[in-house]
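Please consult the sequence and the structure shown below while reading.

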Amino acid sequence: PPIDRVSPQLTLRAVLMGCLLGGVLSLSNIYAGLKIGWGFNMSITAMLIAFAFFRLTSKRSFGLLENNINQTTASAAASISSAGLVAPIPAYTILTGKTLSYFELVVWTAAVSLVGVVVAVGLRRQMIVVDRLPFPGGVASAETIKQMYAHGKEAMARVKALIAGALIGAATKLAAHFAKLHAI
């Protein structure tokens with residue numbers, strides 16, 4: 001669909017939804033990272049959930065560029081696991097037996113995040129402007145968001161599949177947990 005460049009993009013609801021989804025998805029990313037060793041971008045998940053939420057609950061449409069702000073915010077928040085919460089901090093705890101305090105974790109996460117932003121700003125010009133490197137996560141997110149707004153019914157079917165997968169996964173995990181409790 002043609003991009004609506006007139007509607008607001010950086011709205012309070014887009015940022016708040018991105019923060020809310022990012023908070024929940026960051027927990028999922030930390031859990032997945034500790035279980036399997038890597039995290040996920042979460043952009044597409046955030047796009048689909050916000051698209052469905054505002055399609056079902058709001059009279060005012062949630063535009064493509066507004067959803068892009070939402071997914072950018074959510075993806076940034078969900079990526080906090082790459083600030084050391086998945087590999088270095090658990091490794092440090094295993095090696096030394098010391099558990100870091102909440103304050104130490106906040107300082108560590110803030111420092112690593114700040115370094116990441118500073119390095120990203122420095123590399124942006126070369127990688128994006130000069131070399132015009134395609135980033136697979138960004139390309140996949142762009143294609144998904146374009147398709148969602150071109151084919152709304154298909155997007156809602158994808159959201160239903162996402163919700164069904166989440167419910168099946170939660171039910172499986174709960175069943176396994178309660179089976180262990182009854183086995184004891």
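Is Arg-158 buried, partly exposed or exposed? Arg-158 is partly exposed, with a relative accessible area of 34%; buried means under 20% relative accessible area, exposed means over 50%, and partly exposed lies in between (1.4 Å probe, protein chains only).

## Basis of the report

The model is predicted: local features need pLDDT of at least 70, side-chain atom pairs count only at pLDDT 80 or more, and totals for chains, interfaces and linings use all residues. Residues are numbered from 1 along each chain as its sequence is written, and side-chain values use heavy atoms, with hydrogens and water left out.

## Overall architecture

The protein chain contains 7 helices and 0 strands, where helices (H or I, at least four residues) and strands (E, at least two) are DSSP runs numbered from the N terminus. Along the sequence the pattern is α-α-α-α-α-α-α. The C-alpha atoms fill a box of roughly 55 × 50 × 30 Å, taken along the principal axes.

Of the 184 residues, 26% count as buried. The accessible surface comes to about 12200 Å², of which 72% belongs to carbon and sulfur atoms; accessible areas come from the Shrake-Rupley method with a 1.4 Å probe, and for residues only the protein chains shown count as cover. Among contacts (heavy atoms within 4.5 Å) with a separation of 6 or more, 77% are accounted for by residues 24 or more positions apart.

## Nonpolar cores

In soluble globular proteins, nonpolar side chains tend to be buried together. A nonpolar core is here a set of buried Ala, Val, Leu, Ile, Met, Phe, Trp, Tyr and Cys residues joined through side-chain atoms within 4.5 Å. The largest such core has 12 residues, namely Ala-14, Met-17, Leu-21, Leu-25, Met-42, Ala-46, Ala-50, Phe-54, Phe-62, Ile-69, Ala-74 and Ala-78. Two or more residues come from each of helix 1 (12–36), helix 2 (43–57) and helix 3, with helix 1 giving the most, 4 residues. A second, separate core of 11 residues includes Met-47, Leu-48, Ala-52 and Met-156.

Leaving out residues up to four places away in sequence, Phe-62 touches Arg-13, Ala-14, Ala-50, Phe-54, Asn-67, Asn-70 and Tyr-149. Met-42 is placed in the loop between helix 1 and helix 2 and counts as buried at 13% relative accessibility. Its phi is near 70 degrees, a positive value in a residue other than glycine.

## Val-15 and Thr-73

Val-15 lies in helix 1 and is partly exposed at 27% relative accessibility. Apart from neighbours within four places in sequence, Val-15 is in contact with Leu-10, Ile-69 and Thr-73. Val-15 and Leu-25, 10 residues apart in sequence, are 15 Å apart in space, C-alpha to C-alpha.

Thr-73 lies in helix 3 (residues 64–78). With neighbours within four places again set aside, Thr-73 is in contact with Val-15, Gly-18 and Cys-19. The Thr-73 side chain also reaches the backbone oxygen of Ile-69 at 2.9 Å.

## Salt bridges

Side chains of opposite charge can pair when their charged atoms come close. The whole structure has 5 salt bridges, each being a side-chain nitrogen of Lys or Arg within 4 Å of a carboxyl oxygen of Asp or Glu. Arg-158 forms one of them with Glu-154, the closest N and O atoms being 3.8 Å apart. Because Arg-158 and Glu-154 are 4 residues apart in helix 7 (residues 152–183), about one helical turn separates them. Glu-154 is partly exposed at 44% relative accessibility.

Salt bridges that share partners join Arg-13, Arg-60 and Glu-66 into one network. Within it, the closest N and O atoms of Glu-66 and Arg-60 are 3.5 Å apart; Glu-66 is buried at 2% relative accessibility, whereas Arg-60 is partly exposed at 46%. Glu-143 and Lys-146 also meet in a salt bridge (3.2 Å, N to O), and both lie in helix 6, 3 residues apart, about one turn of the helix.

Arg-132 is found in the loop between helix 5 and helix 6 (136–150). This residue is exposed, with a relative accessible area of 66%, and has a positive phi of about 50 degrees although it is not a glycine.

Note on methods: Polar contact = N/O pair within 3.5 Å; in protein donor to acceptor, adjacent residues only side chain to side chain.
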